[in-house]
Amino acid sequence: MKLPEIGDRITTAEALELCRHYGLDYLVVRIESAPDRYKDWKFDGCSGLPDELMGLFTGCKWEDITYHCCLPHDLAYGYGELGNKTERKDVDEKFYSDLVTKADMHKWVAAAFLAAVRVGGAEALGQSFSWGFAHKPV
């Protein structure tokens with residue numbers, strides 16, 4: 001599967017394929033049950049940070065962070081069930097685990113990333129990367 005480049009627009013159909021690729025079966029079921037509920041979105045890599053610089057800062061390969069950790073996390077955030085704080089917490093803890101195991105990031109750096117997504121990704125903030133960002137407005 002061809003993974004998106006930073007700046008690419010992700011359609012709902014493409015998101016479904018990406019969810020399948022990453023084994024996010026619960027999201028596949030959710031999206032397939034109501035595809036019209038979702039909008040296209042722009043893949044920005046690891047939201048809020050220049051990916052290449054992040055690699056230098058962390059000592060990890062930025063591609064591992066972006067494609068093994070941030071993109072699956074973005075999919076889970078984009079199609080997360082609105083208002084579901086337990087699901088969001090689980091997704092964020094998986095992100096931390098992926099940073100440590102898939103990108104070989106030091107735990108203290110991964111903990112800083114976890115803290116940043118817990119604060120910055122809050123649904124109430126309504127940012128382009130907040131929980132549930134691929135949902136169309138009701």
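Which side chain meets that of aspartate 92 in a salt bridge at 3.9 Å, N to O? Select arginine 88: its side chain and that of aspartate 92 form this pair. Keep in mind that the model is predicted.

**Stop 1: along helix α5**

Select residues 85-101, which make up helix α5. Aspartate 92 and arginine 88 both sit in this helix. They are 4 residues apart, about one turn of the helix. Now show the surface. Aspartate 92 is buried, with a relative accessible area of 0%. Arginine 88 is buried too, with a value of 10%. Both values fall under 20%, so both residues count as buried.

**Stop 2: across to helix α6**

Arginine 118 belongs to helix α6 and aspartate 92 to helix α5, so the pair ties together parts that are 26 residues apart in sequence. Check the surface again: arginine 118 is partly exposed, at a relative accessible area of 32%.

**Stop 3: the two helices together**

Select residues 107-120 for α6 and keep α5 on screen. How far apart are the axes of the two helices? They lie 9 Å apart, and the helices pack at an angle of about 155°. That angle is over 145 degrees, so α5 runs roughly antiparallel to α6. The crossing of α5 past α6 is right-handed.

Next, show the side chains in the contact. On α5, pick out Arg88, Lys89, Asp92, Glu93, Phe95, Tyr96, Leu99 and Val100. On α6, pick out Lys107, Ala110, Ala111, Phe113, Leu114, Val117, Arg118 and Val119. Color them by type. The contact has 10 nonpolar residues, 6 charged residues and no polar ones. Arg88, Asp92 and Arg118 are among the contact residues.

**Stop 4: helices α1 and α2**

Move to residues 12-21, helix α1, and residues 25-33, helix α2. Select arginine 20 and glutamate 32. Their side chains meet in a salt bridge at 2.4 Å, N to O. Glutamate 32 lies in α2 and arginine 20 in α1, so this pair links parts 12 residues apart in sequence.

**Last stop: the whole model**

Zoom out. How many salt bridges does the structure hold? The count is 8.

Conventions: Residues numbered from 1 in each chain as written. Predicted model: local features only at pLDDT ≥ 70, side-chain atom pairs only at ≥ 80, totals over all residues. Heavy atoms only, no water. Axes fitted to C-alpha atoms, helices over the stretch in contact; angles between N-to-C directions. Parallel < 35°, antiparallel > 145°, perpendicular 65-115°, else oblique. Left-handed = near helix turned anticlockwise from the far one by under 90°. Contact = heavy atoms within 4.5 Å. Nonpolar A, V, L, I, M, F, W, Y, C, P; charged D, E, K, R; others polar. Salt bridge = Lys/Arg side-chain N within 4 Å of Asp/Glu carboxyl O. Buried < 20%, exposed > 50% of the residue type's maximum accessible area, 1.4 Å probe, protein only.
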